[in-house]
Amino acid sequence: MNEQRPPPGPLYHDFAWLGMPTAQLPGIYARNQQAKAPVLAAYVLTAFARLRCRGHGEISFAELFCADGFYALLAAHFGAARSTGYDDDREGHLANAERMRDLLGLHQASFRRTRIEDVPPQERADVVANVGGLYHVDDPEAVLDLSYRMANHYLIVQTVVSLAREEADYFERPAPGLSWGNRFSRASFDRMIRGRGWHIVDTLFNTLDGNPRPEDRGSLYYLIEK
Ligand SMILES: C[S@@+](CC[C@H](N)C(=O)[O-])C[C@H]1O[C@@H](n2cnc3c(N)ncnc32)[C@H](O)[C@@H]1O
């Protein structure tokens, strides 16, 4: 299956879970992957299991804000017939997504360089993962709604929330101490997403222990069924 070339590196993610350990960027990356990956992998596989138990055949998957495509490739590894990662490549990880796709032999995966805000409305997938990106954008509610419209059956959401603020109406843009992005508190993001009336199958919360500032440490997860 694997071509005889060494994996690129260091990468945003360690691809050991996909059978190919890779050197990882220093700093925040390993600890934050340890927090996020078990929850997100569980949600991807839960969505796939629920679709399969309903007799759904080929499953398509999309990862928004995909960076090196770890979750798009994880979905392909676990049976997605088509998996597409979207990223505007402002952090320069997208070439590694294609290299890992080729090394892992997961040719049902592809990657598109685009702002998520510009993804056309006809793009759809059975399971959409909007993970690691809502806190980057100027209008997180618009991008959340875009991702819900994009999903045929399941939407997985993950975002960073502040542990320094608890107000149920907290929203700050740009994010505190930064010139970009935004922040919710755990309570205000939860209120915003529940206010949409969507069917939340599961939600979890943990901390991104790689991030030193409390403003960047909370991590909220949702599995939403349409
Ligand atoms: C924190 S990484 C997320 C990686 C992965 N999805 C995860 O959760 O581990 C965020 C990625 O979003 C991309 N990004 C930020 N703003 C974007 C936008 N408006 N449109 C597309 N990509 C964007 C960056 O290039 C970066 O690769």
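The dialogue below takes up the ligand and then the cysteines.

Mentor: This is a predicted model, so local features need pLDDT of at least 70, side-chain atom pairs count only at pLDDT 80 or more, and totals for chains, interfaces and linings use all residues. Residues are numbered from 1 along each chain as its sequence is written, and side-chain values use heavy atoms, with hydrogens and water left out.

Trainee: Which side chain has an N or O atom 2.8 Å from a nitrogen atom of the ligand?

Mentor: A polar contact is a pair of N or O atoms within 3.5 Å. The side chain of Glu-63 has such an atom at 2.8 Å from a ligand nitrogen. A polar backbone atom of Phe-65 is 2.6 Å from a nitrogen atom of the ligand, and a backbone N or O atom of Asp-88 lies 3.1 Å from a ligand nitrogen.

Trainee: How many disulfides does a search of the whole structure find?

Mentor: A disulfide is a covalent bond between the sulfur atoms of two cysteines. The test is a pair of cysteine sulfur atoms within 2.5 Å, and the search finds zero.

Trainee: Is Cys-53 buried or exposed?

Mentor: Buried means under 20% relative accessible area, exposed over 50%, and partly exposed in between (1.4 Å probe, protein chains only). Cys-53 counts as exposed because its relative accessibility is 72%, whereas Cys-66, at 1%, counts as buried.

Definitions and conventions
A polar contact is a pair of N or O atoms within 3.5 Å; within protein, one must be able to donate a hydrogen and the other to accept it, and residues adjacent in sequence count only if both atoms are side-chain atoms.
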